[in-house]
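Trainee: Could you take me through one part of this protein in close detail, and then show me how the rest is laid out around that part?

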Amino acid sequence: MRIKFSFSLLFFSSLVLGQTTLDSDSKYLEDQFYVGITYNFMLNKPNDIAQRNLSYGLQGGFIKDLPINSTRTRAIGIGLGYAVNSYYSNMLADESLNGIVYSRLASEENFKRSKLENHLIEMPIEYRWRNSTPEEYKFWRIYTGVKLGYVFASRSKYLFDAEKVSFSNGDIRQIQYGLTFSFGWNTFNAQIYYSLSNLLNDNTTLDGESIEMKPLRVGLIFYIL
């Protein structure tokens, strides 16, 4: 009797565990943590302004995956993350009594670099397609959407041989937004971000010319889990 009872209990437990595992597998989620690196281009630069050095961007965060079909190959992703972006060029930003003044580099002599830098809290919103399954961890993906950014810290820096200047730059636009597109296979995925907002505030000028630079960021994004 005890043997029959034990066998029945073991059989019932196996059914419950198997059903739980099946339910869990059928409700899998994808690509919820991410890190990325980009090269940052500046579009719509003023005349005679050129990029220098390596303008880079780093990002990382969490995206909540919300599947919208029964096979979970399509989803909406809503996330929160952090990013830092740097833009190197021959455009100098300097503090004055009337605010920040922008100028073109007059001479290359003793010049090292000039940088605009911002730190953002970002919220990506994506439409996601992938050909994944509960058992397959290597698959194709195409994600596209928008990304909203809030700049909570920004600086300008320039460096000559005998002079180094760094200060907080309030001219960098605080609310930024743009279009995103990423695609790839398995670990390595290309990503593109095209800004719909200017890098600097609308009233920012260089020698009387409005500065309407927009970032274009191209790089790699890695989905961890």
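This is a predicted model: local features need pLDDT of at least 70, side-chain atom pairs count only at pLDDT 80 or more; totals for chains, interfaces and linings use all residues.

Mentor: Happy to; here is a close look at one residue, followed by the wider picture. Residues are numbered from 1 along each chain as its sequence is written, and side-chain values use heavy atoms, with hydrogens and water left out.

Let's start with T38, which sits in strand 1, residues 33-43 (helices, H or I, of at least four residues and strands, E, of at least two are DSSP runs, numbered from the N terminus). T38 counts as buried because its relative accessibility is 6%; buried means under 20% relative accessible area, exposed over 50% and partly exposed in between, with a 1.4 Å probe and protein chains only. Its side chain makes a polar contact of 2.9 Å with that of N40 (a pair of N or O atoms within 3.5 Å; within protein, one must be able to donate a hydrogen and the other to accept it, and residues adjacent in sequence count only if both atoms are side-chain atoms). Beyond the neighbours within four places in sequence, T38 is in contact with S55, Y56, G57, Q59, N85, Q191, R217, V218 and G219, where contact means heavy atoms within 4.5 Å. The C-alpha atoms of T38 and A190 are 9.5 Å apart, although 152 residues separate the two along the chain.

Now for the wider picture. Of its 225 residues, 41% count as buried. Among contacts between residues at least 6 apart in sequence, 70% join residues at least 24 apart.

The largest nonpolar core holds 23 residues, and M91, Y102, L116, L200, I211 and M213 have the most contacts inside it; such a core is a set of buried Ala, Val, Leu, Ile, Met, Phe, Trp, Tyr and Cys residues joined through side-chain atoms within 4.5 Å. Strands 3 (74-89), 4 (91-96), 6 (111-130), 7 (140-160) and 8 (163-168) each supply at least two residues of this core. A second, separate core of five residues includes Y34, I63, Y143 and I221. Leaving aside neighbours within four places in sequence, the residues in contact with L116 include N85, M91 and L200.
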